[in-house]
Amino acid sequence: MNETAAARAERAIEIYDQLEKRYPQARCALDYESPFQLLVATILAAQCTDKKVNEVTPTLFRFYPDPLAFAEGKTGAIEEWIRPCGTYRNKTKSIQGACRMLLAKHDGEVPVDLDDLVELPGVGRKTANVVRGCAFGVPGIATDTHVLRISKLLGLTENDKPEKVEADLAEILPEDRWTRYCHLVQFLGRHCCKARNPDCETCVLNDGLCPSAFTVGKNAKTIEAPAKAGAKKAAGKKTAKKRAAKKKAAKKKAAAKKRSAKKAPAKKKAASAKSAKRGRAKKKASRAAKA
Ligand code: SF4
């Protein structure tokens, strides 16, 4: 997309404002009551739906309310509790490892500092930014699957790597909008711009703000349809032509057969006349010989 940095930044703000108007209820989809609970919930949310995590965490936090409880808990028992979230062995290992580090280095408290957070087992930049943005109110861009995919569709980045996308967005969005932008885009991704089927028809960004509008998912079909229909029509014409040629050849063959069938009795008649003539000549010769 040919656009100056200033124009892109202006468009990003307009996108933000439109989404804010459309989804004022957008918020972090994970349920939590403390930075620690959000940290654990975010680790559990990797390759799992927020809904499933929210089903698991209330009971989990009743049995394991703090880092000490997790650190001293039996690994097998924790694994069973978080099994529904998938990759439960790795997640248990990460949570217990993070809890032990929190106890050893941070007095059992979740640090605010990005470098301290990403040092914890199972915590990458995305998780760290979720915790900082939602639990501590520190602006952060959490480049989850929705933010990555939709920011690219919106032409706000050309990159695929989370850190590069984060940097691109940080450059065009004011800092105080970073966290909220992610919530708004996540909401858009869940309710309208779905990965397999973006619903551009009902999207508030379809009128000039999104360069991908009506070009992806089911919307792409409406654009491709005439081309496909044309190809189908051409293929149909070809088949009809072939069928007509076949029909013509069959007709020709049938006519030839008919003609030869007509000629056959005449040939037969001529042959039998010839043989009768030969018979008569033979008889005549034998009579002459006898005489
Ligand atoms: S217009 Fe379509 S592709 Fe663009 S953000 Fe909206 S739903 Fe997604």
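From the N terminus on, the protein chain runs α-α-α-α-α-α-α-α-α-α-α-α, with 12 helices and 0 strands. Helices (H or I, at least four residues) and strands (E, at least two) are DSSP runs, numbered from the N terminus. This is a predicted model, in which local features need pLDDT of at least 70, side-chain atom pairs count only at pLDDT 80 or more, and totals for chains, interfaces and linings use all residues. Residues are numbered from 1 along each chain as its sequence is written.

**Burial and core**

- Buried residues make up 31% of the 291 residues in the protein chain. A residue is buried if 20 or more other C-beta atoms lie within 10 Å of its own, exposed if 12 or fewer, and partly exposed in between, with C-beta atoms placed from the backbone.
- The largest nonpolar core has 59 residues. Such a core is a set of buried Ala, Val, Leu, Ile, Met, Phe, Trp, Tyr and Cys residues joined through C-beta atoms within 7 Å.
- Leu 39, Leu 44, Val 131 and Leu 188 have the most contacts inside this core.
- In soluble globular proteins, nonpolar side chains tend to be buried together.

**Contacts along the chain**

- Of the contacts in the protein chain with a separation of 6 or more, 56% are between residues 24 or more positions apart. Two residues are in contact if their C-beta atoms, placed from the backbone, lie within 7 Å.
- Leu 44 is in contact with Val 53, Val 56, Ile 82, Cys 85 and Lys 91, leaving aside neighbours within four places in sequence.
- Ile 78 is found in helix α5 (residues 75-82) and counts as buried, with 21 C-beta neighbours inside 10 Å.
- Leaving aside neighbours within four places in sequence, the contacts of Ile 78 are Tyr 64, Phe 70, Gly 73, Thr 92 and Gln 96.
- Ile 78 and Ile 95 are 17 residues apart along the chain, and their C-alpha atoms are separated by 9.6 Å.

**Helices α9 and α11**

- The axes of α9 (residues 145-153) and α11 come within 9 Å and cross at roughly 85°. Axes are lines fitted to C-alpha atoms, for helices over the stretch in contact, and angles run from 0 to 180 degrees between N-to-C directions.
- On α9 the contact is made by His 146, Val 147, Arg 149, Ile 150 and Ser 151, and on α11 by Cys 182, Val 185, Gln 186, Leu 188 and Gly 189.

**Loops**

- Gln 47 lies in the loop between α2 (35-44) and α3 (50-63) and is exposed, with 10 other C-beta atoms within 10 Å.
- Gln 47 touches Gly 86 and Thr 87, not counting residues up to four places away in sequence.
- Most residues other than glycine have a negative phi.
- Asp 107, in the loop between α6 (88-105) and α7 (114-119), has a positive phi of about 55° although it is not a glycine.
- Phe 214 has a positive phi of about 65° and lies in the loop between α11 (178-191) and α12 (218-290).
- Asp 107 counts as exposed, with 9 C-beta neighbours inside 10 Å, whereas Phe 214 is partly exposed, with 16 other C-beta atoms within 10 Å.
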